[in-house]
Amino acid sequence: MAPKPLVYNATLVQRIDLTDALAIFRIQPDQPAERNARGAWFTAGQYCVIGANNDEKPELGSVRRSMSIASAPEDDGPIEFYIRFVAKPESENPLTHLLWKKKDGDRIYLRPVAAGVFTVEDTIGAADPRLRVMVAAGTGSAPFVSMVRSELRRDPKADLSKYVLLHGASYDQDLGYRDELLGLVETHGLRYWGTVSRAKDCPAWTGDAGRVEAYFDPARLADLERRLGLPEGGFTPKAAAIFICGLQGTIGTTITNLVPRAFVPDQKRVREALGVPAAVPSNLFFEQYDTEPVIDIKNPAVTEPLRAQMAAALAKYA
Ligand SMILES: Cc1cc2nc3c(=O)[nH]c(=O)nc-3n(C[C@H](O)[C@H](O)[C@H](O)COP(=O)(O)OP(=O)(O)OC[C@H]3O[C@@H](n4cnc5c(N)ncnc54)[C@H](O)[C@@H]3O)c2cc1C
């Protein structure tokens with residue numbers, strides 16, 4: 001039986017198409033959310049649930065999906081989301097296909113509360129002095145955009161040099177928010193690098209090439225350390241905490257690349273598979289947009305070498 005139609009409670013006030021498959025959606029809820037004493041209605045890094053009814057095929061009913069919030073918690077006005085059209089969806093009623101039919105002024109469903117613990121506050125804590133290395137693939141940059149925007153809403157002169165945003169996409173035009181982020185490099189000390197995996201097809205691109213997780217290839221770590229002003233071998237949990245947002249490939253490869261530096265993923269079953277003692281704190285956090293296991297922990301050919309690397313790394317760095 002098709003689920004009951006959703007009662008729309010928000011309006012899509014603006015849709016900005018960055019490419020055919022990437023768009024910023026600005027959605028205004030009918031009822032303003034409740035705010036805390038400092039004017040925030042959520043914590044940067046959280047997500048909301050967006051939904052729509054399938055009007056063309058009502059028998060398919062409605063669909064709801066989680067979407068990271070890209071606007072700042074302190075912002076007035078519409079809530080912003082950065083969304084990819086999923087060309088090969090898994091479900092028969094994909095939300096992104098309904099969203100791509102919507103235009104400015106159309107009605108939509110937005111669950112009026114934010115959720116999730118992929119926040120600085122819920123992970124390392126706001127007072128943590130370490131670098132916050134934000135690893136984003138595609139639309140996975142949304143929570144990080146919210147975090148830096150929130151810093152600026154709270155203090156327009158905020159020093160953003162603790163934030164290191166690494167953003168990967170297939171093509172240069174897919175690097176959403178690039179102008180805003182480059183501006184913050186100039187004005188607020190943000191460390192931001194974009195990288196494109198199809199650099200050969202991007203004639204105007206002069207930045208980094210490759211997938212975002214490749215910044216942590218053992219052979220490239222020294223370069224990252226140089227960019228961050230760290231000594232060689234200094235990219236460890238003493239200097240940085242890692243936040244990754246996107247699909248399994250980005251998360252899994254970043255984890256495996258950083259095991260030799262003693263970065264401990266914040267997921268119980270992965271920690272256990274890697275033999276991390278319970279007392280060792282996690283320092284690599286992730287928000288996953290798909291459902292593939294980030295690491296194939298059932299496969300000893302995968303876990304055994306990682307366990308050995310982790311034990312050696314913890315002895316050396318932790
Ligand atoms: C906490 C959370 C936050 C999310 N935030 C965002 C966001 O800010 N922006 C966003 O675009 N998506 C986000 N997603 C993914 C989103 O919820 C949907 O899975 C996605 O939009 C596809 O939904 P669909 O109904 O169109 O396709 P479905 O038929 O439901 O297909 C789902 C599959 O699409 C794939 N997929 C999901 N997201 C992407 C993506 N970005 N690029 C390529 N393939 C993808 C995955 O394999 C996933 O299993 C988030 C997911 C979670 C769990």
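View 1. Tyr 177 lies in the loop between β8 and α3 (178-188); helices (H or I, at least four residues) and strands (E, at least two) are DSSP runs, numbered from the N terminus. The model is predicted, so local features need pLDDT of at least 70 and side-chain atom pairs count only at pLDDT 80 or more, while totals for chains, interfaces and linings use all residues. Residues are numbered from 1 along each chain as its sequence is written, and side-chain values use heavy atoms, with hydrogens and water left out. Tyr 177 is not a glycine, yet has a positive phi of about 70 degrees. With a relative accessibility of 9%, Tyr 177 counts as buried (buried is under 20% relative accessible area, exposed over 50%, partly exposed in between; 1.4 Å probe, protein chains only). Ala 262, in the loop between α5 and α6, also has a positive phi of about 70 degrees. Ala 262 is buried, at 2% relative accessibility. Most residues other than glycine have a negative phi.

View 2. A ligand oxygen atom lies 2.7 Å from a backbone N or O atom of Ser 66, and an oxygen atom of the ligand is 2.7 Å from a polar backbone atom of Leu 95. For Ser 68, a polar backbone atom is 2.9 Å from a nitrogen atom of the ligand. Taken alone, the ligand exposes 870 Å², of which the protein buries 86% (Shrake-Rupley method, 1.4 Å probe).

**View 3. The ring pair Phe 85 and Trp 100.** The model has 9 aromatic pairs, counted where ring centres of Phe, Tyr and Trp (its six-membered ring) lie within 6.5 Å; planes under 30 degrees apart are stacked, over 60 edge-to-face and the rest tilted. Phe 85 and Trp 100 form an edge-to-face pair because their planes meet at 65 degrees, with ring centres 5.5 Å apart. Phe 85 belongs to the loop between β5 (79-84) and α1 (95-99), and Trp 100, 15 residues away, to the loop between α1 and β6 (107-110). Phe 85 is partly exposed at 23% relative accessible area, whereas Trp 100 is buried at 15%.

**View 4. Arginines over aromatic rings.** The charged end of Arg 220 sits over the ring of Tyr 215, 5.0 Å from its centre. Trp 193 has the charged end of Arg 227 over its ring, 5.2 Å from the centre. The criterion is NZ of Lys or CZ of Arg within 6 Å of the ring centre and within 35 degrees of the ring normal.

**View 5. Side-chain contacts of Ser 282.** Ser 282 is found in the loop between α6 (268-273) and β12, and is buried at 15% relative accessible area. Its side chain makes a polar contact of 3.2 Å with that of Asp 266 and one of 2.8 Å with that of Arg 271. A polar contact is a pair of N or O atoms within 3.5 Å; within protein, one must be able to donate a hydrogen and the other to accept it, and residues adjacent in sequence count only if both atoms are side-chain atoms.
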